[in-house]
Amino acid sequence: MLRSSCENLTLSPEKIKGDFVHIVFFWLKNPNSQNDRKIFKKVLEEFIDKNPQVISTHIGEPANTKRHVIDSSYTYSLIVTFPDLETQNAYQVDPTHLLFIEKGERLWEKVLIYDSILK
(Lines give C-alpha, C1' and ligand atoms only; values in the text may rest on other atoms or scores of the structure.)
Protein backbone atom coordinates (compact mmCIF):
# COMPACT_ATOMS: atom_id res chain seq x y z
CA MET A 1 0.00 0.00 0.00
CA LEU A 2 1.31 3.44 -0.96
CA ARG A 3 1.30 6.10 1.71
CA SER A 4 1.41 9.84 1.33
CA SER A 5 4.73 11.42 2.29
CA CYS A 6 2.75 13.90 4.44
CA GLU A 7 0.71 11.25 6.22
CA ASN A 8 2.68 11.44 9.47
CA LEU A 9 3.33 15.18 9.42
CA THR A 10 1.35 17.75 11.31
CA LEU A 11 1.08 20.75 9.03
CA SER A 12 -0.04 24.18 10.07
CA PRO A 13 -0.78 26.69 7.30
CA GLU A 14 1.28 29.87 7.32
CA LYS A 15 -0.14 33.23 6.37
CA ILE A 16 1.38 34.69 3.22
CA LYS A 17 3.76 37.54 3.99
CA GLY A 18 2.08 40.76 2.93
CA ASP A 19 -1.51 41.83 2.58
CA PHE A 20 -1.27 42.57 -1.17
CA VAL A 21 -0.75 39.67 -3.61
CA HIS A 22 0.17 40.33 -7.25
CA ILE A 23 -0.16 37.29 -9.54
CA VAL A 24 1.15 37.54 -13.10
CA PHE A 25 0.88 34.99 -15.91
CA PHE A 26 3.11 35.26 -18.98
CA TRP A 27 2.56 33.61 -22.35
CA LEU A 28 5.78 33.73 -24.37
CA LYS A 29 5.64 34.27 -28.13
CA ASN A 30 7.84 31.21 -28.64
CA PRO A 31 7.17 28.96 -25.63
CA ASN A 32 8.96 26.02 -27.25
CA SER A 33 12.19 28.00 -27.67
CA GLN A 34 14.50 26.96 -24.85
CA ASN A 35 16.62 30.03 -25.57
CA ASP A 36 13.66 32.41 -25.15
CA ARG A 37 12.60 30.63 -21.96
CA LYS A 38 16.13 30.86 -20.55
CA ILE A 39 16.43 34.56 -21.39
CA PHE A 40 12.99 35.39 -19.97
CA LYS A 41 13.56 33.50 -16.74
CA LYS A 42 16.96 35.18 -16.27
CA VAL A 43 15.46 38.65 -16.84
CA LEU A 44 12.62 37.84 -14.44
CA GLU A 45 14.94 36.51 -11.72
CA GLU A 46 17.30 39.50 -12.05
CA PHE A 47 14.34 41.85 -11.68
CA ILE A 48 12.98 40.13 -8.58
CA ASP A 49 16.43 39.92 -6.99
CA LYS A 50 16.89 43.70 -7.33
CA ASN A 51 13.38 44.98 -6.63
CA PRO A 52 13.13 46.67 -3.20
CA GLN A 53 9.35 46.45 -2.71
CA VAL A 54 8.72 42.70 -2.99
CA ILE A 55 8.59 40.85 0.34
CA SER A 56 7.98 37.31 -0.96
CA THR A 57 7.96 35.71 -4.37
CA HIS A 58 7.34 32.58 -6.41
CA ILE A 59 8.39 32.07 -10.02
CA GLY A 60 6.83 28.99 -11.58
CA GLU A 61 5.77 27.06 -14.64
CA PRO A 62 2.52 25.14 -15.12
CA ALA A 63 2.27 22.11 -12.85
CA ASN A 64 1.38 18.76 -14.39
CA THR A 65 -2.17 18.84 -13.02
CA LYS A 66 -5.11 17.92 -15.19
CA ARG A 67 -8.58 19.09 -14.16
CA HIS A 68 -11.15 20.96 -16.20
CA VAL A 69 -10.83 24.09 -14.02
CA ILE A 70 -7.06 24.45 -14.50
CA ASP A 71 -5.56 26.70 -17.17
CA SER A 72 -2.04 25.47 -17.92
CA SER A 73 -1.64 27.43 -21.14
CA TYR A 74 0.77 30.03 -19.73
CA THR A 75 4.56 29.73 -19.88
CA TYR A 76 5.60 31.33 -16.57
CA SER A 77 3.86 32.65 -13.50
CA LEU A 78 5.07 35.20 -11.00
CA ILE A 79 3.57 35.72 -7.57
CA VAL A 80 4.86 38.59 -5.48
CA THR A 81 3.57 40.05 -2.26
CA PHE A 82 3.70 43.51 -0.75
CA PRO A 83 2.79 44.84 2.68
CA ASP A 84 0.12 47.14 1.23
CA LEU A 85 -1.35 48.82 -1.86
CA GLU A 86 0.95 51.83 -1.56
CA THR A 87 4.04 49.61 -1.80
CA GLN A 88 2.57 47.82 -4.82
CA ASN A 89 1.96 51.22 -6.44
CA ALA A 90 5.62 52.13 -5.85
CA TYR A 91 6.62 48.78 -7.42
CA GLN A 92 4.74 49.65 -10.61
CA VAL A 93 6.94 52.70 -11.26
CA ASP A 94 10.16 51.35 -9.74
CA PRO A 95 13.10 51.41 -12.22
CA THR A 96 13.67 47.65 -11.72
CA HIS A 97 10.08 46.93 -12.81
CA LEU A 98 10.25 49.29 -15.78
CA LEU A 99 13.57 47.75 -16.91
CA PHE A 100 12.06 44.25 -16.61
CA ILE A 101 9.17 45.29 -18.88
CA GLU A 102 11.58 46.86 -21.35
CA LYS A 103 13.74 43.72 -21.51
CA GLY A 104 10.96 41.14 -21.32
CA GLU A 105 8.10 42.49 -23.41
CA ARG A 106 9.69 41.45 -26.71
CA LEU A 107 9.45 37.83 -25.51
CA TRP A 108 5.81 37.68 -24.40
CA GLU A 109 2.62 37.80 -26.40
CA LYS A 110 0.21 38.01 -23.48
CA VAL A 111 0.29 38.97 -19.80
CA LEU A 112 -2.60 38.47 -17.40
CA ILE A 113 -2.57 39.90 -13.87
CA TYR A 114 -4.67 39.24 -10.77
CA ASP A 115 -4.30 41.48 -7.72
CA SER A 116 -5.72 40.63 -4.33
CA ILE A 117 -5.74 42.53 -1.05
CA LEU A 118 -6.54 41.31 2.44
CA LYS A 119 -9.62 43.00 3.84
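**Entry 1: overall fold.** I looked up the contacts first: residues 24 or more positions apart account for 77% of those with a separation of 6 or more, contact meaning heavy atoms within 4.5 Å. I note that this is a predicted model, in which local features need pLDDT of at least 70, side-chain atom pairs count only at pLDDT 80 or more, and totals for chains, interfaces and linings use all residues. Residues are numbered from 1 along each chain as its sequence is written, and side-chain values use heavy atoms, with hydrogens and water left out. I found three helices and four strands, in the order β-α-β-β-α-α-β from the N terminus; these are DSSP runs (helices H or I, at least four residues; strands E, at least two). Of the 119 residues, 32% are buried (under 20% relative accessible area, 1.4 Å probe, protein chains only; exposed is over 50%, partly exposed in between).

**Entry 2: helix α3.** I examined α3, residues 95-104, and found Thr96, His97, Phe100 and Gly104 buried. They lie on the same side of α3 because they cover an arc of only 100 degrees around the axis, judged by the directions from the helix axis to the C-beta atoms. Pro95 and Glu102 are exposed on the other side. The buried residues pack against β1 (20-28), α1 (34-50), α2 (85-93) and β4 (108-117).

**Entry 3: lysine 29.** I located lysine 29 in the loop between β1 and α1; its relative accessible area is 44%, so it is partly exposed. Beyond its neighbours within four places in sequence, lysine 29 is in contact with Glu105, Arg106, Leu107, Trp108 and Glu109. Its side chain reaches the backbone oxygen of arginine 106 at 3.1 Å.

Conventions:
Polar contact = N/O pair within 3.5 Å; in protein donor to acceptor, adjacent residues only side chain to side chain.
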